[in-house]
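Here is a short briefing on one protein model. Look at the structure first, then read the points below.

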Amino acid sequence: MHKNLSFLQGGGQLGELIRNKDWSATDLDAPVNWPESLRSAITISLNSGFPIAIYWGQNFVLLYNDAWSSIPGDKHPWALGNPGPTVWPEIWDGLKDEFESVLNEGKSYRRPDAPLYMYRYGYTEECYFDYTLSPIVAVDGSVDGVFNAVVETTYRVINERRNGIRSAFLSQAHTSATRAAAYNKINDLLQNAVLDISFFAFYKVGAGTNEDELVLSKGLNELQLQHLHALIGAEQAELKDLDQLLPEPVFAYWPEPVTEAMVVPIYNGEGRINVMLVLGASARKRIDEDYRQFLQAVAANSGAMLNNAFAAELNLAYQKELMLNAELFEEQQALNEEISAANEELSASNEELATTNEELSETQAQLNETLSWLGESEQRFRNLIREATVGVILLMGPNLIVDVVNDAYAKLIGRSIEDLINKPLFDIIPEAEEAFKKVIEPVMNTGEAAYLYEQAYFVHNDEAKIEGLLNLTYQPYRESDGKITGVMVLCQDVTAQVKARQQVEATERRFQFMLNAIPQQVWTATPEGSLNYVNQVVADDFGVNSDVIVNTGWSSFIHPDDLPSSTLSWNRSLKSGEEYLTEFRLKFADGTYIWHLARAVPLIENGEITLWLGTNTNIEAQKENEQRKDEFLSIASHELKTPLTGIKAFNQLMRKSKDQERTASYIEKSSENIYRLEKLINDLLDVTKINAGKLTYDFQSFNFSEMLRESVESVQLTTSTHQLVLDQVDELFITGDRLRLEQVINNFLSNAIKYSPGGKQVIIKSQVDGQGLIVSVKDFGIGIQAQHIQRLFDRYYRIDNTAMRFEGLGLGLFISSEILKRHMGTFWIESQPNEGSTFYFRLPLAEAKLKEPIIEDDDKFYKDEHITIIQNKEAAWLEVDWKGFQTVEAVKAGGMRMLAMLKAGGFSKVLNDNTHVVGTWSEASDWAGQEWFPMMEEAGLKYFAWIYSPSAFSRLSAEKAVDVKVGNSIIQFFTDLESAKKWLADRRDI
């Protein structure tokens, strides 16, 4: 509808919606009549990856971009073109004054973490935003609209609040002496968390459901509690639609009723469910994965407080019972003294016998009552210890005699109570003495309690080994006078819990190891779309810590032009649950943007999405190949069309011409075009055969000198502008495919002529160098820039500044390189812009065999046809001078000789001179970087000064070796020998 308006171009889905909307049905006029200030604001918005909204005019008509479209939730796309008060009736009363002051007075506002309670997903949601309001100023200075840039901070604000609640629980974990005190503290903590926990109810589990006891609750009346209890089972569960399930809705803080809650079991020290905890969710937040983990953490922290309080309660009860026993013993002694006194009085005065007997009887009754009380107290204490679910043992005296012990402790070490009672503990389990006696003795000596968590232990019983993990509490045992005579130990077996946690952690480590081992970027997101994990590849690519990436999300790294479409695609997948698939450019650590294919699939459990697993695959090379292929097809169509046009034209002229001489020239020119067309078609066919591995070769012995001479003569006949000068060895026979090698020679020669339009001469040389034949073709033409040299033999590659000046498909050198590779040959180029180029190739004449060294002197000096090595004792480094063309075998032999001489001399520095190296040795680069350098480093290498070869391909080989190098040795490249020596001399071993 408005597709031709330049200011509405781009913008992804919102750009399309704005262009297709009938704006006459809104308070805005047709876009063609929009003022320039609105047009500029729209252009900025549509082309920005930052969430931006525009509120225009006195009615604040809403326009926005793709990045902002997720903010209104289900109100998108209806919100587009509607007035702000209509879109946001639930929050407009709080925003109205600010918006009007911007529009009428030109003010600006910045509101960090501002609370805005939006109705956008079917309920009023607690949301927070960092937003700005700025005036959109027209040319005449008037303000006609409000520019609103906004970032949603809901996730961060709420998570910080919840983390504060969790921290408060952790700080109270060991502060309660009784379960009643623990419940009181839990009650206080939860009442302060009303924004995230609307109500709570603790049900202590009995023998059956009807026997469950309500221990603590808040926010619910008796009727609601009865119905809530009927909804919970024995497992963790989430309760939905509570406003429908309960007889009365629950209200807490917010005016809306609570609709969701979570039931979480709390386990005692033995791993049995002790309490079922029901936590109500906020009326303005639905339970998602983050909310679920928070509620689970609150339940776990509550359970820890209760279990720790029970252990303290048990210890305190025991101490009280012991003190009571001591008091009763003192009373018994006092009564015995009274009896003795009464007996003395009886013998002294018979007259008082009746009275004395009566007193004696009363005293005896008191004594019997006291003894009975003492027995009952002792029994109560022993019952308490016996019924405890954790292991309890009381050790007395320096020999740590077992005075009291329960069955739970005895089972931990594979013994019975009878095996332990009244015996020194470490006489029974001597293997545990070394680990635990050093903990017990300080408790007895200092009176300070000790705590061990997840402590490993093992004991032997009938040659069977019992082992596990314990949480241990050591409390001093005091007599009535305060003297410490023993230590009470509480033991909780946590073996199963720890192993389960370790298994989860191990699984997590293996999972992360696998994800980090994958060369792709791998990430996960919550069901709501929040990024919560990236593998190490992402962090390495971006040069940023993974936690920072998770907190900021993809938007900081996706190219601004790609962000709207990727955000729109992601939101669609989140709503539909379908696969996420898109392409975007990601900003790497060096500032470059690299194309990636993003794909994510949902993990569905119990019918709900619990996780999104995604990958970003680097497709930069594919994108480049697509571009090059498109360019190639464009060039190919032009190149194929040119000779066809010529043939058609000359055929038309021949039909009209009656002059035989002219007809003959037309036939000759038509034949030239046919030849050109044939060559182009043959090149295309050869590439197709190479790709399919079907390019055939006929290897036979033939006279290479003769073939080279005939090729030069044939090409010379086709040009009158250049003289071809041949300098070659006589009668050299090699084994190879004559026609294919002739194709290489013809390609090199035709390129030399084509790319030296101002030159007059092409020089061809052929010479034997060691065990190889080197052929070179030198022109005096336009030359090649260094950045293009290493790509020149790639398929479809053409240098930009030659694409429109010289004909051809850019396939000839690629085909030549493949032919030379099949002949086990190598190729390279030396070139200077505006001076000319020399194309080389080398063919092996026989199987490579290294010659004996020319000079060798006991690891102090070495020289052969490829390398000279000197131990420079004065400079304290190894000096190496490489010469000529280097084969893989020569590089490896020279490298191993360097290794031996470095070890023998005890050097840490190497001066490596490549000034005299010609050609390429890239086939040995991987070996040098990945195998040889680590061996050199192990032998002591720390600093390696590398002087470049004048040959570009030799430089590329050296740089490739360093790029793949393994190890920490420092390598520095130089272009002259003196700079390299100075650098090495300045290096000091650490």
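The side chain of Gln886 reaches the backbone oxygen of Lys883 at 2.6 Å. This is a predicted model: local features need pLDDT of at least 70, side-chain atom pairs count only at pLDDT 80 or more, and totals for chains, interfaces and linings use all residues. Residues are numbered from 1 along each chain as its sequence is written, and side-chain values use heavy atoms, with hydrogens and water left out.

**Around Gln886**
- Gln886 sits in the loop between strand S31 (877-885) and helix H25 (888-905). Helices (H or I, at least four residues) and strands (E, at least two) are DSSP runs, numbered from the N terminus.
- Gln886 counts as buried because its relative accessibility is 4%. Buried means under 20% relative accessible area, exposed over 50%, partly exposed in between (1.4 Å probe, protein chains only).
- Its side chain also reaches the backbone oxygen of His866, at 3.3 Å.
- Beyond neighbours within four places in sequence, Gln886 is in contact (heavy atoms within 4.5 Å) with His866, Val891, Val917, Val918, Thr920 and Trp921.

**The open sheet**
- Five strands form an open sheet in the order S22-S24-S25-S27-S26, with mixed pairing. Two strands pair if DSSP finds at least two bridges between them.
- The edge strands, S22 (723-728) and S26 (826-832), each pair on one side only.
- Strands S25 (residues 772-778) and S27 (residues 836-844) run antiparallel, joined by 7 bridges.
- Val777 has Phe839 in S27 as its bridge partner.

Note on methods
Polar contact = N/O pair within 3.5 Å; in protein donor to acceptor, adjacent residues only side chain to side chain.
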